Amino acid sequence: FAPAKTQACVALSALTTIIAFGSLALTQSPVLKSLGAAAALSILCVYLASTCITYPLCNILIKDNAKR
């Protein structure tokens with residue numbers, strides 16, 4: 001796994017970006033509302049996918065390299 005400090009930094013970065021774009025979803029303008037909601041949801045999905053796929057994949061690769 002990545003160091004806990006790195007995971008915390010990545011999570012904080014994703015959270016602040018989601019909050020920033022999510023705030024656009026609270027505006028009165030329909031264009032900004034849809035843009036903010038789509039961007040916030042996209043960033044959330046990418047963050048979840050990266051943490052659920054990247055860390056386990058790295059562990060598998062590291063174990064395979066250690067066996068060699």
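Trainee: What share of the 68 residues of the protein counts as buried?

Mentor: The share is 10% of the 68 residues. Buried means under 20% relative accessible area, exposed means over 50%, and partly exposed lies in between, with a 1.4 Å probe and protein chains only. This is a predicted model, in which local features need pLDDT of at least 70 and side-chain atom pairs count only at pLDDT 80 or more, while totals for chains, interfaces and linings use all residues. Residues are numbered from 1 along each chain as its sequence is written, and side-chain values use heavy atoms, with hydrogens and water left out.

Trainee: How do you know that the span of helix 2 is close to the expected one?

Mentor: Helix 2, residues 30-67, has 38 residues and reaches 55 Å from its first C-alpha to its last, against 56 Å expected. The expectation is 1.5 Å times one less than the number of residues.

Trainee: Which residues of helix 2 are buried, and what do they pack against?

Mentor: They are Gly36, Ala39, Ala40, Thr51, Tyr55 and Asn59, and the buried residues of helix 2 pack against helix 1.

Trainee: Why is Leu24 called partly exposed?

Mentor: Leu24, in helix 1, has a relative accessible area of 23%, so it is partly exposed. Beyond four places in sequence, Leu24 touches Leu32, Lys33, Leu35 and Gly36, contact meaning heavy atoms within 4.5 Å. The C-alpha atoms of Leu24 and Gly36 are separated by 4.7 Å, although the two residues are twelve apart along the chain.

Trainee: How do Leu41 and Ser42 stand against the cut-offs?

Mentor: Leu41, in helix 2, is exposed because its relative accessible area is 52%. Ser42, also found in helix 2, is partly exposed because its value is 42%. From C-alpha to C-alpha, Leu41 lies 8.5 Å from Gly22, and Ser42 lies 8.9 Å from Ile18.

Trainee: Why does Ile19 count as exposed?

Mentor: Ile19, in helix 1 (residues 4-24), has 55% relative accessibility and therefore counts as exposed.

Trainee: Which residues make the nonpolar surface patch?

Mentor: Leu12, Leu15 and Ile19 make this patch of about 310 Å². Patch residues have over 30% relative accessible area and no salt bridge; like charges are joined within 9 Å and nonpolar side chains (Val, Leu, Ile, Met, Phe, Trp, Tyr) within 5 Å. A salt bridge is a side-chain nitrogen of Lys or Arg within 4 Å of a carboxyl oxygen of Asp or Glu. Areas come from the Shrake-Rupley method with a 1.4 Å probe; for residues, only the protein chains shown count as cover.

Key: Helices (H or I, at least four residues) and strands (E, at least two) are DSSP runs, numbered from the N terminus.
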